[in-house]
Each structure stands twice: as structure tokens, then as C-alpha cells.
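Visitor: I have a structure open in my viewer and would like to learn how to read it. Could you take me through some of its features?

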Protein chains: 2
Amino acid sequence: MMAAQGEGGAVAFQLEAWSRIRLERVERALELWITADAPAGSGHAAPAALVEAMRYSVLDGGKRLRPLLVLAAHEAVAASTEVGAAAALRAACAVELIHAYSLVHDDMPCMDNDVLRRGKPTVHVRFGEASALLAGDALQALAFELLTPEDGSVECATQARLCSLLARAAGSSGMAGGQAIDLASVGHKLTESELREMHQLKTGALLQGSVLMGAHCGHPSAQALAALSDYGAAIGLAFQVVDDILDVTADSSTLGKTAGKDADNDKPTYVSLMGLARSQSYAQDLLAQAHQALQRSGLAHTGALSALADMVVNRAS
Amino acid sequence: MMAAQGEGGAVAFQLEAWSRIRLERVERALELWITADAPAGSGHAAPAALVEAMRYSVLDGGKRLRPLLVLAAHEAVAASTEVGAAAALRAACAVELIHAYSLVHDDMPCMDNDVLRRGKPTVHVRFGEASALLAGDALQALAFELLTPEDGSVECATQARLCSLLARAAGSSGMAGGQAIDLASVGHKLTESELREMHQLKTGALLQGSVLMGAHCGHPSAQALAALSDYGAAIGLAFQVVDDILDVTADSSTLGKTAGKDADNDKPTYVSLMGLARSQSYAQDLLAQAHQALQRSGLAHTGALSALADMVVNRAS
């Protein structure tokens, strides 16, 4: 992960150092929470084989962009890092579980039929299709389980709001809806606005949802919330534009997944629609919008959010 | 649906009349809530094709046992039918969405590969495998969306508790976990306790969860909650024992799904393990346990729960 440029000559925010500490916390929590142990109050443990497939799909891989967005948005909003910290860590892990489940299902033979993910065999290749299906299903449920601890560590109102945001970001008007449009679009010509709508659902909803969930852990003002929502929308779209660019400019070993896949599958992409150069300048426009939204937020501590936006647009994989 | 016998010569509870009104309410709510309309505060509608597959899998079919258990448990606990009614209706629909998604995924070629469900072609036969996968995923998310309305109609504490119960009932220590054990058990010899563990997760967790979710909409006492938990566990297990019995005694047209499937697939069942006669008497034992639990609950209005237990054990399909 690269250190990001600060804006307007200001001292550069140390994204790498900031991220390292948060990533350790997230990895430790995921390691702890994806477990076969019986939940408190239940006599039932999860079957070890299912948990193994769930852990395989989540642990030891992934850039954890969504968890970092949750934590950065929380820190931007919260009066102190302690307020809402337990909620934010749970939200960070929950969005990663939703992301992971979507990859497991997306890689299955009836969807993208991909065999390589993060440089490893995909879950259905390693554990079989039925196990991949169930592992994905169980990861989605676990995300909501993480958001609703019964130990009093997270206020009920926050639990309810986080579940609401996550369900809407993941469902038919969010990620799953975007994947359905994607599926129907193969071999069809989309307009730019149709392509944007598809990606706002498929990728944008969960990225924006991550920002909003983090913000809601810290009791945001209406002004901050509106600005962070705009920030989330801009980087959500930018992420996908850059993904499309990387699909044609990077190789499989850098990406850790099969490159050139979208073009081979005759999937509409920003690059196929507007060409490489215009796609690259569109990504920069969206990055500028994200920075402007942070300036409108009235929040003081937006360094991590700003640096994450830079990273989304300037990443190499 | 048959009218159930009252206990001990008391006037029989009119389950059919009780159910008719509640089922109309549930069907109307499902019809309204599985929709392509953009949620409030979002500019994004769900894609019509995805919503069509979701509606196909949920509407116009199914006995709605889980929603009825939610509503019956709520009415047993609540001081009046108004208290928590909005929450109970949402919980009733949410458990049905989870049940429906599990059937959609369970019927897929990589799982049970079933082509007939409720007398209709299964979702993957009608809409294709990828759409079935996504429809199931979106139904799970929608369940949590229903539990977290942002209109103030359900207290935050209730929203949080319902999400917690549903996530745990659906996930790796519940339904999805049970299906994973089921998957691994094909062709293996299970002991009676292993078979019971599998079914407690696969079917029991969501049935028991339905009862507990309904109860939590009405602020239950600890005594009532413990008793209703026992009631839910007993009927959860009874349901599966009866399912195994019907798999060998009923025909496909009565069941609305392929009969004899488990035996053909060499799946362990209660009937294969303990024989038909002992399975039948075990189901009656579990029914008696359910009735005893209701008597221990200290609740006055358990007529519907009692009649539903009778129906679970004495059903013909």
C-alpha cells in the first residue's frame, strides 16, 4: 500500500502507518469472529468444514478497502476514537464478510466461473460448489450477527441502523441488484448512464454503505452525513472505473485474479464504452469530487478518507 | 389446513379461521415488500428481472408455517394485539424470506438438484442458475431490511434483537450449518444424536427462531421465553421427523415436491435410522413435549401455538 499525497501541499497523511494498525485490528477480529465456537446461549457449534471454507474466503487476503473506509469514516466523525469504536470494528468486519461472500458466489461456475482469486484457487474449486454456496450464505448471515452483539457493547439504535444500512447496501437495490444487471448485460450494449447505474449498485452501494456505517458509529451531523454520502458515491464509482482500466492494463499476477476477463466475456466496461484515456480522466474527476465532498463535510479529521480516495484511484491492482 | 384438536377436551382452537386472517396479512405484506421500488432515501430501484425471481420463489405458495409461528408467539406474549404488531408482521415476513432463499439455493444443481417445488418448476429451472443464486442472496438481505424500518414503527431495541435472532438462526450455527452437515452426510451412517444435531440446525433453528422472534415483539417474561424456546425446539425437531416420514409415505403430488428423494440420495433420515413406527411415536413424543412447554410458559393465550404444534405433527404434506 502506497503512502498517499496530501492535498494542496499539506503534510502528506501517512496512510500506510494509519492502515497498518487498523488492518491488524480487523484481521484479529475476523480471525476471532469467523469461528466454529457455539455462540453464547446456544448449544450448537458450526460445522468445521463450513467454517473452514468461510475462513478460507475471508482470511489472509484482500485489500480490506471497505473495512478501512468504515474505520476512517468513524474516526472522521467521532469526537474521540473510543466513542463507537466497538461498533465501528464490528461494522468494518461485517462489510468485509459481505464483500467476501459476494466474491465467493460471483466466482461460481454459474456466474463468472473464475478459478483464481487473490492468487489462490477460488472457494468452489477448493471446497466444491455446494460448500461455496453455503459458505457465502453463512457469511452473509454472520455479517448481521457481528452487528448485533448481545453483550451491550453496541447501542441498540446503532445496531439497528447498521443492519439497515448493510441490508440495503447488499440487497436487491444494492450489490445483489447490480450483479443481476451485470448478468443481464453480457453481450448487450449499455449506455453510459446504464453502466453507471449498474456499478452504483454492484460496487458503489457497499463502498458508500461502508462510509455511512462508519459515520453512524460516531453520531454524525446532517451536514457531515450528506457530504460523506457524496464522498462514498464518488469513490464507489471511481473504484469501478479504475477496475475496468486495470482489467485491460494490468496482468493477472499483479491483480491476483484473471485479467482481461471482462473483455473476453464481452462485458460492457467504462473502457469499452469511453476508451482508456477518457476513463482515466473520468476517474480523476471522481477523485476531485470525493475531495470536494470532504471539504464540505465540516469535519476536521478527514486525512484517512482523503488518502483512501487517492489510493482507490491510483492503485495498481 | 385442518382444524386442530383442543387439549384435554377443551373447546378446539379454530386454527383455520385464526390462520386465514393472519395469512392474508402476511401475503399482502410480502406482496408489498418484495418490490422493485427504490427504498426511501435511495435513487436506485432493484432490477425487475431479479425482483421477478424473488417474487416467484416467495409468493403464491408455501404453508407459511414460520410466519404463523411468529404471529402466534407474539399474540401469546403481547398484552394486546397492537403492541409490537408492526414488528411481528415484519418478523413473520423476514423468516419466510429466509426460508424461501434456503429453498432456492437448496434446489440448485450443485445442492439437491430438484426441479419441482410447491408444484412449480424451481427457480433455477425457470430463471437460470445465476439468477437463482442472486435471488436467494437478495432475499436474505431483504429479510434484514424488513426488520429495520426507518419509519419509527419498530423500536430500535426490538429491531436489534430480531436481527440478532434471525442472523443466528440462519447462519453457520443454524440453518446454513445444518445444510453443510446434511451435505457432508450423504452416503455416511449417522448416529441418532448426529442426525438430531443436523436437523436442530437445518430446520429447527429457524422454526425455534420464529417462535423467539415473535415472542420478542411482545416483551416476554424470562419464564415465558424459556418455555417458548423449549416449545420451538420440540416442534423444530418434530417437523423434520414428520418430513422424513412423509418422504416415504406421501406421493409427489401431495407433497408438491419430489417424494422418496432422500432415500434415493442415500441421505440419513429418522425413518432409515429408527424405522417408520418408532419415527411416528417419536413425533408424538415431541408433540407432547411442545404442549408441556406451553403449559409451563405461564401464558394464557397459547391456543394458536398449541394448534400449530398439532398441525406440524399431523400434517399430510
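Visitor: Let's start with confidence. What average pLDDT does chain A have?

Guide: This is a predicted model, and chain A averages a pLDDT of 90, with 90% of the residues scoring at least 70.

Visitor: Where in chain A does pLDDT stay under 50?

Guide: Where pLDDT is low, the predicted coordinates should not be read in detail. In chain A, that applies to residues 1–9, where pLDDT stays under 50; the model has 22 contacts beyond four places in sequence for this stretch. For the complex, the predictor gives an ipTM of 0.93 and a pTM of 0.93.

Visitor: Which elements of chain B give two or more residues to the side that touches chain A?

Guide: In total, 49 residues of chain B are in contact with 49 residues of chain A. On the chain B side, the elements giving two or more residues are α2 (48–58), α6 (129–146), α7 (156–170), α8 (175–185) and α9 (192–216). The largest share, eleven residues, comes from α6(B). By class, this side of chain B has 31 nonpolar, 13 polar and five charged residues.

Visitor: Now for helix packing. At what angle do α2 and α6 of chain A pack?

Guide: Two packed helices are described by the angle between their axes and the distance between the axes. For α2 (residues 48–58) and α6 (residues 129–146) of chain A, the angle is about 75° and the axes are 9 Å apart. The angle falls between 65 and 115 degrees, so α2(A) is roughly perpendicular to α6(A). Among the residues that meet are Leu50(A) and Met54(A) from α2(A), and Leu134(A) and Ala138(A) from α6(A). The contact divides into eight nonpolar, two polar and no charged residues.

Visitor: Is Cys93(A) buried or exposed?

Guide: Cys93(A), in helix α4 (residues 85–106) of chain A, counts as buried because it has 27 C-beta neighbours inside 10 Å, and the cut-off is 20 or more. Cys93(A) touches residues including Trp33(A), Pro67(A) and Leu146(A). Leu146(A) is 53 residues from Cys93(A) in sequence, yet their C-alpha atoms are 7.7 Å apart in space.

Methods: Residues numbered from 1 in each chain as written. Chains lettered and ligands numbered in written order. Predicted model: local features only at pLDDT ≥ 70, side-chain atom pairs only at ≥ 80, totals over all residues. pLDDT = per-residue confidence, 0-100. Contact = placed C-beta atoms within 7 Å. Helix = DSSP H or I, 4+ residues; strand = E, 2+ residues; numbered from the N terminus. Nonpolar A, V, L, I, M, F, W, Y, C, P; charged D, E, K, R; others polar. Axes fitted to C-alpha atoms, helices over the stretch in contact; angles between N-to-C directions. Parallel < 35°, antiparallel > 145°, perpendicular 65-115°, else oblique. Buried ≥ 20, exposed ≤ 12 C-beta atoms within 10 Å, placed from the backbone.
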